[in-house]
Amino acid sequence: MVRAFDDRPVDPAVVDRLLEHARHAPSAGFSQGWAFLVLIEPADRARFWDAVFPDGRASFAHPGLFSAGCLIVPLSHKQAYLDRYAEPDKGWADRDEARWPVPYWDVDTAMASMLVLLTAVDEGLGALFFGIFGAHVDAFRAAFGVPAAFSPIGAIAVGHRAPDVASPSLRRGRRPQEEVVHRGRW
Ligand SMILES: Cc1cc2nc3c(=O)[nH]c(=O)nc-3n(C[C@H](O)[C@H](O)[C@H](O)COP(=O)(O)O)c2cc1C
């Protein structure tokens, strides 16, 4: 994850490739219940930051984040999955959410987000996936006219890398394979 960018714009053809790859992510029942809000214009990006990060930007540890030339907000659409799985080949006509082992609408939107991140790296760019929290979600929806049925699972900043300080989270270190992998049985 990269949290500092310079002011250079992201090539529109690259933005298209980010989204083309996202569109090809796997999805449960091929539901494809996702949407992507793309913000390139400086005024749109400014409106985004005003909605999701209204206070404390001047003292934020990663001010170069706000220069990212492209913001992509992946949104998940639960109802698309409930409707898809109510079709005859799936048969969950009651649309009961308790049937779902995990929220596949969020899983699939996260898979699409990962493809955006990987494509950004392939294109020589940097990217950050970050959260949109609490009341900022409604502020974001209001700022961009996003319907209530669509939930931002986070946001992705993409741009040309600039020098940055590492996230303090990295001090935790990466957990070793022996700790996280269970071979044969738990
Ligand atoms: C679901 C999710 C939410 C995240 N939210 C934030 C965030 O709000 N702010 C942030 O700076 N980084 C965020 N990150 C990035 C993580 O901090 C980062 O992936 C982790 O520290 C490992 O660093 P690396 O991805 O550079 O290896 C998030 C990552 C994920 C997958």
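D94 and R99 form a salt bridge, with the closest N and O atoms 3.0 Å apart; the term here means a side-chain nitrogen of Lys or Arg within 4 Å of a carboxyl oxygen of Asp or Glu. D94 is partly exposed at 46% relative accessibility, and R99 is partly exposed at 37%. Buried means under 20% relative accessible area, exposed over 50%, and partly exposed in between, with a 1.4 Å probe and protein chains only.

This is a predicted model, in which local features need pLDDT of at least 70 and side-chain atom pairs count only at pLDDT 80 or more, while totals for chains, interfaces and linings use all residues. Residues are numbered from 1 along each chain as its sequence is written, and side-chain values use heavy atoms, with hydrogens and water left out.

The salt bridge count comes to 12. Another one joins D89 and R84, at 2.7 Å between the closest N and O atoms. D89 is exposed at 56%, whereas R84 is buried at 14%. R84, E87 and D89 are linked in a network of salt bridges.

Now the ligand. Which residues lie around it? They are M1, R3, L128, F129, F130, G131, S169, L170 and R174, where near means a heavy atom within 4 Å. Polar contacts are pairs of N or O atoms within 3.5 Å; within protein, one must be able to donate a hydrogen and the other to accept it, and residues adjacent in sequence count only if both atoms are side-chain atoms. A polar side-chain atom of R3 lies 2.7 Å from a ligand oxygen, and a polar backbone atom of F129 is 3.2 Å from a ligand nitrogen.
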